[in-house]
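Here is a short briefing on one protein chain.

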Amino acid sequence: AGGDMDFQLKATEKMEEVIKTGATVVLVSHSPDIIKKYCNRAIFIDKGEIVKEGNPEEVIENYLNVLKKI
């Protein structure tokens, strides 16, 4: 998410290129849309502890529910 729009576009294109090779990519993001688009597995970590892992939709739902309680 850092950098200007040109940098973000180049970074996204490169990530998509790497994903197409079948390589494992570790993506760290707070953006549910980005996670849904690129991930087939997600891990929600809070204060160094795994809270939930698995299907991105379920993990995102759990993450958003935790945010609502804050």
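## Briefing

Val18 lies in helix 1, residues 5-20. Helices here are DSSP runs of H or I with at least four residues, strands are E runs of at least two, and both are numbered from the N terminus. The model is predicted: local features need pLDDT of at least 70, side-chain atom pairs count only at pLDDT 80 or more, and totals for chains, interfaces and linings use all residues. Residues are numbered from 1 along each chain as its sequence is written, and side-chain values use heavy atoms, with hydrogens and water left out.

**Overall layout**

- The chain holds three helices and two strands.
- Their order along the sequence is α-α-β-β-α.
- The C-alpha trace spans about 35 × 30 × 20 Å along its principal axes.
- Of the 70 residues in the chain, 11% are buried. Buried means under 20% relative accessible area, exposed means over 50%, and partly exposed lies in between, using a 1.4 Å probe and protein chains only.
- The chain exposes about 5900 Å², and carbon and sulfur atoms supply 54% of that area. Accessible areas come from the Shrake-Rupley method with a 1.4 Å probe; for residues, only the protein chains shown count as cover.
- Take the contacts between residues at least 6 apart in sequence: 10% of them join residues at least 24 apart. A contact means heavy atoms within 4.5 Å.

- Val18, Ile19 and Val25 form a nonpolar patch on the surface. Together they have about 180 Å² of accessible area.
- Patch residues have over 30% relative accessible area and no salt bridge; nonpolar side chains (Val, Leu, Ile, Met, Phe, Trp, Tyr) are joined within 5 Å, like charges within 9 Å.
- Val18 itself is partly exposed, with a relative accessible area of 30%.
- Pro32 lies in helix 2, residues 32-38. Pro32 is partly exposed, at 23% relative accessible area.
- Pro32 and Thr12 are 20 residues apart in sequence. Their C-alpha atoms are 16 Å apart in space.

**Core and aromatic pair**

- The largest nonpolar core has five residues: Ile35, Ala42, Phe44, Val59 and Ile60. Such a core is a set of buried Ala, Val, Leu, Ile, Met, Phe, Trp, Tyr and Cys residues joined through side-chain atoms within 4.5 Å.
- Strand 1 (42-46) and helix 3 (56-69) are the elements that give two or more residues to this core.
- In soluble globular proteins, nonpolar side chains tend to be buried together.
- Phe44 counts as buried, at 8% relative accessibility.
- Leaving out residues up to four places away in sequence, Phe44 touches Glu49, Ile50, Val51, Lys52, Val59, Asn62, Tyr63 and Val66.
- A search of the whole structure finds one aromatic pair. Phe44 and Tyr63 form this pair, edge-to-face, with 5.3 Å centre to centre and 85° between the planes.
- Rings of Phe, Tyr and Trp (its six-membered ring) pair if their centres lie within 6.5 Å; planes under 30 degrees apart count as stacked, over 60 as edge-to-face and the rest as tilted.
- The pair links distant parts of the chain, with Phe44 in strand 1 and Tyr63 in helix 3, 19 residues apart.

**Salt bridges**

- The count comes to five salt bridges. Each needs a side-chain nitrogen of Lys or Arg within 4 Å of a carboxyl oxygen of Asp or Glu.
- Side chains of opposite charge can pair when their charged atoms come close.
- Lys10 and Asp6 form one of them, at 3.5 Å from N to O. Both lie in helix 1, four residues apart, about one turn of the helix.
- Lys10 is exposed, at 52% relative accessible area. Asp6 counts as partly exposed, at 44%.
- Lys14 pairs with Glu17, the closest N and O atoms being 3.3 Å apart. Both residues lie in helix 1, three residues apart, about one turn of the helix.
- Lys14 is partly exposed, at 47% relative accessible area. Glu17 is partly exposed, with 47%.
- Asp46 forms a salt bridge with Lys47, with 3.8 Å between the closest N and O atoms. Asp46 counts as partly exposed, at 34% relative accessibility.

**Lys47 in the loop**

- Lys47 is found in the loop between strand 1 and strand 2 (49-54).
- Lys47 has a positive phi of about 55°, although it is not a glycine.
- Lys47 counts as exposed, at 77% relative accessibility.
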